[in-house]
Protein chains: 4
Amino acid sequence: MKALIKPDAGPGLELAEVPVPRPGAGEVLIKVFAGGICGTDLHIYTWDAWARSRIVPPRIVGHEFCGTVAEVAPGVTGLSPGDFISGEGHVACGRCHACRTGAPHICERLAVIGIDRDGAFAEYVAMPAANAWKIDPSISRDVAAIMDPLGNAVHAALEAPLVARRVAIIGCGPIGLMAIAICHLAGAVFVAATDVSETRLALARRMGADLVVDARREDVVARIREATSGEGVDVVLEMSGSERGLADGLGALRNGGWVSVLGLPAADVRIDLANGVIFKGAHLAGIFGRKLWQTWEQGTALLRNGLDVTPVITHRLPLERFEDAFELLRSGTAGKVILYL
Amino acid sequence: MKALIKPDAGPGLELAEVPVPRPGAGEVLIKVFAGGICGTDLHIYTWDAWARSRIVPPRIVGHEFCGTVAEVAPGVTGLSPGDFISGEGHVACGRCHACRTGAPHICERLAVIGIDRDGAFAEYVAMPAANAWKIDPSISRDVAAIMDPLGNAVHAALEAPLVARRVAIIGCGPIGLMAIAICHLAGAVFVAATDVSETRLALARRMGADLVVDARREDVVARIREATSGEGVDVVLEMSGSERGLADGLGALRNGGWVSVLGLPAADVRIDLANGVIFKGAHLAGIFGRKLWQTWEQGTALLRNGLDVTPVITHRLPLERFEDAFELLRSGTAGKVILYL
Amino acid sequence: MKALIKPDAGPGLELAEVPVPRPGAGEVLIKVFAGGICGTDLHIYTWDAWARSRIVPPRIVGHEFCGTVAEVAPGVTGLSPGDFISGEGHVACGRCHACRTGAPHICERLAVIGIDRDGAFAEYVAMPAANAWKIDPSISRDVAAIMDPLGNAVHAALEAPLVARRVAIIGCGPIGLMAIAICHLAGAVFVAATDVSETRLALARRMGADLVVDARREDVVARIREATSGEGVDVVLEMSGSERGLADGLGALRNGGWVSVLGLPAADVRIDLANGVIFKGAHLAGIFGRKLWQTWEQGTALLRNGLDVTPVITHRLPLERFEDAFELLRSGTAGKVILYL
Amino acid sequence: MKALIKPDAGPGLELAEVPVPRPGAGEVLIKVFAGGICGTDLHIYTWDAWARSRIVPPRIVGHEFCGTVAEVAPGVTGLSPGDFISGEGHVACGRCHACRTGAPHICERLAVIGIDRDGAFAEYVAMPAANAWKIDPSISRDVAAIMDPLGNAVHAALEAPLVARRVAIIGCGPIGLMAIAICHLAGAVFVAATDVSETRLALARRMGADLVVDARREDVVARIREATSGEGVDVVLEMSGSERGLADGLGALRNGGWVSVLGLPAADVRIDLANGVIFKGAHLAGIFGRKLWQTWEQGTALLRNGLDVTPVITHRLPLERFEDAFELLRSGTAGKVILYL
């Protein structure tokens, strides 16, 4: 089969012909339809410090995807060939403290598809049956392909109550953009969104942000406070991974507020703990992956109830044009880019 | 009356003769017995940047104290002359969002006794009746004088469930020391304590810490992980206000863990958000002051039920010896120092 | 001034001429515009067992109302003559455990306007300044008059997270009807509503219920399970106060579900604790009054954000026609009935 | 092997010779050391309405037990022959909503060992590997045999914060008795216990109850209020399953209090919802089984930290004397009765 692989230690990826994987015990084989490119894939592509420390080539990449069940290992129940599924990329061990207490999304021995085991930018991918989320065929392939980042947005947004509250979303990558619509559906009465890219700010407006702030040219804290009678927001979703973004979020936060921290900084960040967190009695919650399987239930229910994330998908390309796809992502002018098998 | 005052802009304090204050509407006048010196008082004494930005001399200092009600303004109910009380130093506005939603400890217009209004290192102090917490005369004057920092310890410790869990307390000033005993009473099955002072580490042992780590000479994370089968702790109480302390706490924290952040850093701190917070799904909660009045109820109940914080009180001096008292505090060789009127 | 009073022990009410009240210390005098009739008022009107045990005539009735501040007692801040306000009918003592720990809505010494002290079906009412919630003049007098029951609906609905969840509202009096719209705004993906009155079921449809069940003629549990793939609902709002309603709600509830219990039964109710609560791991929460002041902030924010409760108001009558108004309420053919001064 | 079985529909049990079971896929075979008799076993013994509706004979009974792993099915990891384990009796399906959202203890398709599948009053029992909780050999066989009901006590007690709070335990069967010690370890400052049996009240005293009330002869609510300055308790653990017990608990409960409802009533119970739940803003939580696996972690940590439940074990008998054991249980004069293989 064809597959997008990191062939050896170094920048770039390669479209290669590799054997179809065999599903192991408790696994299923998925015929992949489409996959979304994640920021993580870009790290692997450019072969940065993190990628060098984590990826052992050769490795098939890709962890956001949808497809149909092609084969089911003996003893697996609840899935049949032909089922339409979206993939959960995090494989939990099932036996650590986190797994045994309802938090497998922060499993202490987590393995990630497309990183620690072969991924889904390929005609077929094998994975644990539990990681295949069966979905309604009414959900489009495009959306099914990005239920992983949609889940990140759902997880980050719904950790704190939003009804009748005001929210600031710092950083409008695909996850931040999807979070705008999710916050409104969850009852938020005001959603501000900030970014440094014109394209993304335009998408934020389209996703329904009540206030859009260009962090390059405007004073984010001042704009948000001005729009909230000086009071600030109740909830911040930090999705920029930047020191400045975090500072802006904490500056715009009301006393007693909540910050979901999802954006991964490339290095340590400086933070004004005294004024930003302690005096405010603020809560910061690290958000990683998707709650298994609450987030998936919530995401599915919201999609069925009218959540529309399609504006976030700006480009659809065949797998063969992966170079163009990664270039689009790198330029900051794209929302979500989907590769088709 | 005699009072310890900051007479004008500059280092040091002065014992002066000043008029007895008059209780305003809704206020009471307290005859002060004793007061505890707080790190904040040391900032005012040394006249550092924070003190210069906040204190308008002349100002009577001191906000940890106990005494008896000497006079009650007309219309005040629930307090009578002679009542034994401990003072809550934070005066909330009662009308902001935080005050109206059950969180006056993070009032947006907070005024602090001994900082923004005259304090309690004096024969008398006037303050809102609501800030006088009536206590059982069975509680000693020494302990009654430090129910404010005891409340900080209670607030920080009890924000997360502790029963059957493991805790690390980073920083063994008086608040950290008191927290050791509180964590054990709350059901913690393991309490580690770290500091950089020999005196304080010895006090930590005396307060019942299961593991005491000298952060100057030992690898805090390694020692705590070693003592917890490699798993780390469920809860961290960050009471050092140091960048290194926070890093140690996050390093010792289990996935899904909780960090109460109380120690005020002197400047911004660097933090490894990705590994310390996000991948762990950790919660960081800023802790400020005492929950009004849940913390006071809890502290009182624990004292009645056997909580003993007297080992933390290492020095008792008459007000006249305030210079010695501040010197002790500055040297790092004292626990809590109490001044007697 | 004219006022609707319970003149003495016995059924009925009387429109009487009484002196304008004087605001006491900390109070304001309100010029009343309009008031909503509550089920409680009907109990007082008919003089049932509860009313006989609680009301000491003569008493001016009415506790749902709006008006403008006419006079402010000395020392009261934050309110001025002319301010448009809606009244909170529950006067908390401010000193009990509940009041001191952020839960004054369940004050242990609660006094209710129109029940324990003179009420608002009168040209003027005096009450504590804290009980006057200043509102935007953009909110209509009709809606401002019923922010008390709207608050009950907000309180009951928002106690549990609703986003991406399914809800059943048992009982479609005005509070249940308003809750339908609130649940949808809070992100509920399915809202079923049940009642025994044709008028109310029609109003439930108009308020946006996804499923409307006539509890006299249909099997409530079966209908709700059928509409939820057999799974039942995540949240039940029990607003009927009937034994049958509670049983229906528990029957329709999913394992691990939440029940907000607001409807006041006239007597003890039988409940299947084993199957309805214990085996399900269900949570039942008693809902009384409005959280002070979180509920008011939430209700105001939702109204500003488009919450429309006007369909619930079916009748508007001058105070003089109070007999007709109570008759309408008694007949079960009305939604909310408003009396105009 | 020998096994205690319900041979056919009718009262009584029989000691029989049956084949050793074979562990299926994902299962282990346990060599049983000892088992505790549960109230449920007594229902099966007496063949009451519930037993008739649920049990399909022949069935080996018993679900509280400990033993060692004798055999491990292929593919099972984390357990080896010789491991000392305590059995979790509830087998969750792993695929329903409850199982997928961290609440397998309220699985919608739960199967119970000794009820829906063969149990542990036998030389060997086969069960899913996940249901075998590996324990420290330092824990005695007696205690290891009753970690199931200990888990019920832990689950019920720790659902609400207990530190600095007051608790009433209604019903002093083995679970209630163990809860007394757990509440104290969790920081409760007052624990009242009620029952109708002299033996059990004496055990309650021995387990450390601060107040012991004989519900046959004393006014439970009055006694508890008297002991709590009239304020009542913050938390009630309802473990009697009796209508009167629930009424006593609600009567003793403070506004805003919490009730863990574990005791299974034999029929519907009457409850004063208005005064007991609604006006109080009380929370009632149904408690069933043990949280998987948080409760097990907590129970194990508490045992290691000094929790002593051995006084609750009043009788130890060989399996052959099962008739005497059931008689002891029926008489109400025993605490926990353990059968030895």
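Analyst: Between chain B and chain A, 11 residue pairs are in polar contact, with both partners at pLDDT 80 or more; that cut-off is used because this is a predicted model. Salt bridges are another matter: the count across the interface of chain B and chain A is 0. The area buried between chain B and chain A comes to about 3100 Å², and carbon and sulfur atoms give 64% of it. In residues, the contact takes 35 from chain B and 35 from chain A.

Let's see what chain B brings to its side. The elements that give two or more residues there are helix H9 (243–252), strand E15 (253–261), strand E16 (269–271), helix H10 (273–278) and strand E17 (283–286) of chain B. Of these, E15(B) gives the most, with 5 residues.

Strand E17 (residues 283–286) of chain A pairs with E17(B) in the antiparallel sense, over 3 bridges.

Now hop over to chains D and C. Here 35 residues of chain D are in contact with 35 residues of chain C, and the area buried between them is about 3100 Å², with carbon and sulfur atoms giving 65%. On the chain D side, D:Arg270, D:Leu273 and D:Ile278 lose the most area to chain C, together 19% of what that side buries. The rule finds 0 salt bridges between chain D and chain C, while 11 residue pairs are in polar contact across that interface, both at pLDDT 80 or more. At least two residues each come from helix H9 (243–252), strand E15 (253–261), strand E16 (269–271), helix H10 (273–278) and strand E17 (283–286) of chain D. E15(D) gives the most to this side, with 5 residues. The residues of the side of chain D that touches chain C divide into 20 nonpolar, 7 polar and 8 charged.

Strand E16 (residues 269–271) of chain C is joined to E16(D) by 3 bridges, and the two run antiparallel. C:Val269 has D:Ile271 as its bridge partner there.

An open sheet of 12 strands, with mixed pairing, has the order E13(C)-E12(C)-E11(C)-E14(C)-E15(C)-E17(C)-E17(D)-E15(D)-E14(D)-E11(D)-E12(D)-E13(D). Its edge strands are strand E13 (211–214) of chain C and strand E13 (211–214) of chain D, each pairing on one side only. Neighbouring strands of this sheet are turned by 15° against each other on average, direction ignored.

Within chain C, strand E15 (residues 253–261) pairs with strand E17 (residues 283–286) in the parallel sense over 4 bridges, and C:Val259 stands opposite C:Leu284 in E17(C). Helix H6 (residues 174–185) of chain C lies across strand E11 (166–170), strand E12 (190–195) and strand E14 (233–238) of that chain, running at about 170° to E11(C). Helix H7 (residues 198–206) of chain C packs on the sheet too, touching E12 and E13 of chain C, and its direction makes about 175° with that of E13(C).

Conventions
Residues numbered from 1 in each chain as written. Chains lettered and ligands numbered in written order. Predicted model: local features only at pLDDT ≥ 70, side-chain atom pairs only at ≥ 80, totals over all residues. Heavy atoms only, no water. Pairing = 2+ DSSP bridges. Axes fitted to C-alpha atoms, helices over the stretch in contact; angles between N-to-C directions. Contact = heavy atoms within 4.5 Å. Buried area = accessible area lost by both parts, 1.4 Å probe. Salt bridge = Lys/Arg side-chain N within 4 Å of Asp/Glu carboxyl O. Polar contact = N/O pair within 3.5 Å; in protein donor to acceptor, adjacent residues only side chain to side chain. Nonpolar A, V, L, I, M, F, W, Y, C, P; charged D, E, K, R; others polar.
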